[in-house]
Structure formats: C-alpha cells, structure tokens
Amino acid sequence: MLLDVLHTLQGRRGHLVRADLEAFSHRARVPLATLHGAASFYSNFRLDGPASPVAVKVCRSLTCHLNGSRQLLKTLQERCATEGGEVEVSGCQCLGLCERAPAVTLNGLPLGPVTAEELLAQIAERRGARTRRPAPPRVPYTSLARYRKAGGYDALELVRKGELDLAAVVSTLKASGLRGMGGAGFPTGTKWEFVIKEPSQPKYVVCNADEGEPGTFKDRAFLELSPHEVLEGLLIAAAVIGAKEAVLYIREEYLSARANLQKAIGELRRSGLLSAPGPQLRVVVGAGSYVCGEETALFESIEGKRGEPRIKPPYPASIGLWGKPTLIQNVETLARIPEILRRGAEWYRSQGRNGAAGLKRFALSGHVAKPGWYDAPLGLSGEELVSQYGGGMRDGHALKALFPGGVASGFLAKAQVSTPLDFDPLVKAGAMLGSGGVIAVEEGTCAVDLVENCLEFFAHESCGKCTPCRVGSEKLLRMVQALRAGGPSIDPGTVEELATTMIETSICGLGMTAPVALRHALQHFPEEFEAHAQGRCLTGWCAR
Ligand SMILES: Cc1cc2nc3c(=O)[nH]c(=O)nc-3n(C[C@H](O)[C@H](O)[C@H](O)COP(=O)(O)O)c2cc1C
Ligand code: SF4
Ligand code: FES
C-alpha cells in the first residue's frame with residue numbers, strides 16, 4: 001500500500017529521496033508523477049531535503065493559540081535561529097493534544113504544556129542524543145485479559161455464533177439512538193442497514209481514527225486507554241455486514257495510541273479471536289492531512305492517492321473503499337457498540353439528558369481550569385460541562401464563547417451556553433455538535449483574532465479540489481488579515497454572499513463549515529470588528 005511504502009522510505013532516510021521514489025516507481029510500475037502527486041499532498045512527507053537533527057513543531061491551532069502558541073513559536077524561532085540549521089522550528093496544525101496546550105512535538109515526541117525555556121532545555125538535551133526519534137511515551141491500557149474479565153468480546157462471540165442475530169443487532173442499535181460521533185451524527189443502525197442491503201461484494205468496514213479537528217482528542221483517549229473496545233466494535237461491524245476486510249486509519253501523530261493498538265491487535269491474534277471467520281485487519285497510518293478524515297478522502301488515501309474528497313452521492317454504503325460497499329464509523333461510535341449490545345438499547349438511551357440519547361466523550365479545552373476528556377450525558381449544556389467537569393473557567397474568568405464541536409462547529413455566545421450539547425438543539429442554535437471537541441473562550445479574548453485563527457486552519461487544510469472552498473477560504477482569511485493590519489472594514493453582506501456560496505457548492509464539509517465562525521463573530525461581536533477597522537482592539541487582546 002502506497003502510504004506504508006512512503007512511510008518506510010521516509011523512515012529510512014528522514015525524507016523522501018528521488019532515487020528511492022524512482023526505484024519504487026519502476027518496481028511497482030506506478031508513474032513517478034503519481035507517487036510525487038500523492039506524497040506532496042501530505043504535510044508529513046518531506047520532499048525538500050532532510051529534516052534537521054532536532055525538529056520542533058509548535059501547534060498553531062485554536063486551543064494552543066488561545067494558550068500562547070504564537071509567542072512560543074516566535075520565541076523559539078528567534079532563539080534557535082543561531083543554531084546553524086541544527087534545530088528546525090516550525091508551526092503546524094492541531095496535534096490532537098489540545099488538553100496540553102500549548103502543545104508541541106520534539107522529533108515527533110508529544111510535549112505540553114511547555115514554556116519556551118523548558119523546550120530550549122529539552123532541545124539542548126536532544127542535540128546530544130544518538131537516536132533522532134524517541135520511543136513513544138508508555139500509556140497503560142486495558143489488556144485483553146482485563147477487558148475479557150469485564151465481559152469484553154462476549155458480544156462479538158454471540159454475534160459470530162449466531163446467538164445474537166444480525167437483525168437483532170441492527171434493531172438494538174436503532175433503538176439505542178446511537179448516532180455517528182465523527183461529526184455528521186448519522187444514525188448508526190440505519191447506516192448498517194444500508195450496507196447490509198447492498199448486493200455487491202466484497203464489503204469493507206473502516207474505522208476513522210484520523211481526528212484532526214482543532215479541539216478534538218477523544219478518539220486518542222479511546223485508542224490509548226481502551227483499544228479493545230474499539231476493536232470489538234470494529235469486529236462486530238465486520239461480522240454483521242459480512243466484511244472481507246476491516247481497516248483502521250489512524251493519524252501518524254498518535255504515537256502512544258498506535259503503540260497500544262498494535263499491542264492489543266497482537267493480543268487478539270494470539271487469542272485466536274482474529275482467526276476465521278474474522279476479517280483481515282489492517283492498520284493504515286495517515287500522514288498529516290485534516291481533510292483525510294472526511295470519509296471519501298479517507299478512502300482515496302487508503303487507496304494510495306491524494307486525500308481529496310469524492311463528490312457524493314454515491315455514498316460509501318454503496319460505493320466506498322475500492323468502489324465497494326463500505327461501512328465507515330468513527331472510533332467512539334464503534335467503541336460504544338459492545339456495551340450497548342451487552343447492556344441493551346434502553347440502558348444506553350437512558351444515559352442522555354434533556355431528550356438526548358446516550359453518552360458522549362467530550363474533549364474539553366481552551367480557557368478552562370481542568371482541560372481533558374470527559375464521559376458525560378449527551379444533552380448536558382456547555383455551561384454544565386465547563387463548571388461540573390472542567391472545574392470552571394481558569395482563574396475565575398467569565399466565559400465569552402464556546403465552540404461545541406471544534407472550530408468547524410461555529411460557536412455559542414454567552415447567552416446561548418445553556419443549549420444542550422446535542423445534535424438537533426445545537427443545529428437550531430446555529431452551531432453543531434460535530435465530534436464534541438468543546439473549546440471554551442474567556443472574556444477578554446478578541447473575536448477577530450479568534451476567527452482569523454480558525455480561517456488560517458481551513459485555508460491551510462483546504463485540499464483545493466473545488467473552487468468555492470479553495471478560493472473562498474483564502475479570501476475570507478485575507479479579509480480578516482487586512483482588517484487586523486488596519487485595512488478596510490469587513491462588509492457583512494460580502495461575507496454572507498461568500499459563505500452562502502461555500503456552504504451550498506463546496507464538495508465536502510470542510511468548505512461548508514469554514515465560514516461559520518466568521519459569520520457567528522460578525523453576528524455576536526460586530527463592535528469588535530468596527531473597532532479593528534479603526535485600528536483598535538476593544539479587548540486589548542491583540543496588544544498583548
Ligand atoms: C473535513 C472533514 C474531516 C473529518 N474528520 C473526521 C475524523 O477525523 N474522524 C471521523 O470519525 N470523522 C471525520 N469526519 C466525518 C466523516 O466524514 C464521517 O462522517 C464519519 O467518519 C462517519 O462515522 P460516524 O458515523 O461514526 O461519525 C470528517 C468530515 C469532514 C468533512
Ligand atoms: S470543500 Fe475544500 S476540502 Fe472539501 S473538496 Fe472542496 S476544496 Fe477540498
Ligand atoms: S493540539 Fe493544539 S489545538 Fe489541538
């Protein structure tokens with residue numbers, strides 16, 4: 001598989017060398033241009049020469065930005081500029097370590113929160129180290145023995161023996177109200193039914209562990225701490241839809257999650273649970289692209305192409321991976337399934353609040369006292385999540401706004417934070433639950449700066465396949481950048497026109513959600529935009 005090959009080639013020399021690509025192109029009869037086209041799509045492949053012996057990446061995405069990453073990056077770049085190329089410091093997008101903001105990687109090793117002084121000390125240590133890439137931090141996880149003791153894999157065995165028939169599994173999932181936790185919230189049982197009904201063979205099941213949305217790190221928690229929950233959900237899905245192969249696509253930066261996942265798969269193989277009638281199980285490691293989390297882009301990526309989304313319909317249930325019927329689910333969705341089958345649909349439904357069904361693992365970050373992931377009832381409010389789980393806002397500050405589902409979800413203003421964190425109520429409030437990456441923002445933060453950061457993310461991650469997103473996200477970003485640089489004020493009518501075009505005509509959700517935060521900021525904080533047009537930041541945030 002092409003991604004595996006590119007990772008191996010890069011792993012050998014620290015970057016992709018033309019001679020290696022030519023040799024592979026010749027051997028595998030793949031045109032060099034195809035290889036280059038794929039490799040150049042992903043941020044983590046280096047085609048421009050070897051990395052420096054010490055490489056630091058500083059996350060610039062929203063939660064880290066709110067916690068001082070811009071200053072951290074600037075200080076490090078200034079202090080390391082005299083190192084003669086020995087130390088490379090660059091900015092990057094969300095590392096999935098948002099609870100540790102400001103987060104960085106040092107030769108791939110995740111660190112955070114860190115100050116510039118702490119990092120400079122670590123850089124000095126690494127300069128003398130013999131190995132470039134350190135081992136991933138060890139995170140204890142629930143072993144197969146412990147998982148089985150608590151009833152783990154019982155549901156899979158019942159399904160495989162036919163004691164839990166396939167129609168019963170689907171009707172339990174439907175009755176539980178379980179919806180997709182990767183962003184779109186599609187009812188899970190209904191999706192399984194669509195794939196089952198497809199006559200074409202073979203079928204595939206895919207677990208989406210690409211998790212790249214700023215503010216989202218809950219899938220990392222599942223994979224690091226309880227990989228067997230995810231694997232059991234994946235194997236049940238494979239058994240129910242009759243999949244030939246199960247693929248788990250995980251982002252490259254999740255070193256500890258990948259290590260624990262491999263250990264858990266090793267345990268499964270030794271236990272015989274992966275033998276026939278189980279499917280082939282394959283792990284594919286991504287290479288740094290947010291849009292690859294979009295389901296059809298993810299298929300393209302697994303197939304060894306540039307991770308560009310496909311036009312839908314057709315939907316993955318009929319034409320997915322390798323053009324075959326495919327069930328794709330988020331990590332959290334799959335992880336919930338074994339327990340639902342063991343404890344029943346009613347049990348799961350009853351976990352929700354305010355009319356919502358079930359549980360949600362919220363990733364909470366931003367200006368809260370205790371950032372982290374929390375299993376909470378779906379339907380509790382953002383206000384409750386922050387106060388009852390997150391320890392309130394840090395230093396007793398007041399809340400200004402709350403992103404309920406990462407930067408793509410738009411945000412709730414203070415007056416709206418009692419809205420239940422649930423799919424439909426949030427849509428009614430003009431926002432989205434997304435994947436449940438909640439980012440709390442304190443009073444005193446500049447709405448213009450906030451929005452500029454969101455737009456930078458989307459403009460950076462747009463794959464460029466369709467014009468509304470490629471041009472629109474850049475244009476919106478340039479309007480906000482110009483405003484901050486003392487340029488003309490932003491015309492809300494122009495923003496509205498651009499936003500409508502992007503929402504209605506973009507191929508995928510990235511382009512459809514890119515303008516939402518700016519729309520909300522203009523709606524809730526117009527005075528901050530007006531002040532910036534006159535060269536003033538009302539909050540004083542931009543002068544800090
Ligand atoms: C730009 C973009 C990025 C996405 N990233 C992810 C992701 O990292 N993980 C994920 O599960 N779903 C992601 N999704 C949603 C997937 O397309 C898809 O809806 C999901 O994997 C289906 O699983 P679910 O029904 O269990 O949520 C993304 C969607 C878009 C438009
Ligand atoms: S909306 Fe953006 S990310 Fe999605 S296909 Fe179009 S250009 Fe690519
Ligand atoms: S790690 Fe920085 S925003 Fe997620």
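Visitor: Which residues are closest to ligand 2?

Guide: Of the 14 residues that surround ligand 2, the closest are Cys 463, Cys 466, Cys 469, Cys 508 and Gly 511. A residue is near a molecule if its C-beta atom, placed from the backbone, lies within 6 Å of it. Two or more residues of the shell come from each of α20 (467-484) and α22. Helices here are DSSP runs of H or I with at least four residues, strands are runs of E with at least two, and both are numbered from the N terminus. Please keep in mind that this is a predicted model, where local features need pLDDT of at least 70, side-chain atom pairs count only at pLDDT 80 or more, and totals for chains, interfaces and linings use all residues. Residues are numbered from 1 along each chain as its sequence is written, while chains are lettered from A and ligands numbered from 1 in the order in which they are written.

Visitor: How many residues of each class does the shell around ligand 2 have?

Guide: Ala, Val, Leu, Ile, Met, Phe, Trp, Tyr, Cys and Pro count as nonpolar, Asp, Glu, Lys and Arg as charged, and the others, Gly among them, as polar. On that basis, the shell around ligand 2 has eight nonpolar, four polar and two charged residues.

Visitor: And which residues come nearest to ligand 1?

Guide: Gly 180, Gly 182, Gly 293, Asn 330 and Gly 509 come nearest, out of 22 residues around ligand 1. Eight of the shell's residues are nonpolar, ten polar and four charged. Both β8 (326-330) and α22 (509-513) supply at least two residues, and the largest share, three residues, comes from β8.

Visitor: Which domains does the shell around ligand 1 draw on?

Guide: Domain bounds come from an automatic or database domain assignment. Domain 3 (146-346) and domain 5 (447-543) each give at least three residues to the shell around ligand 1.

Visitor: In what order do the strands of the open sheet run?

Guide: Strands of a sheet pair through backbone hydrogen bonds, either parallel or antiparallel. Here, four strands are ordered β7-β6-β5-β8, with parallel pairing; two strands pair if DSSP finds at least two bridges between them. β7 (280-285) and β8 are at the edges with a single partner strand each, so one side of each has no neighbour in the sheet.

Visitor: How many bridges join β6 to β7?

Guide: Six bridges join β6 (residues 243-250) to β7, and the two run parallel. As an example to look up, Ala 246 has Leu 281 as its bridge partner in β7.
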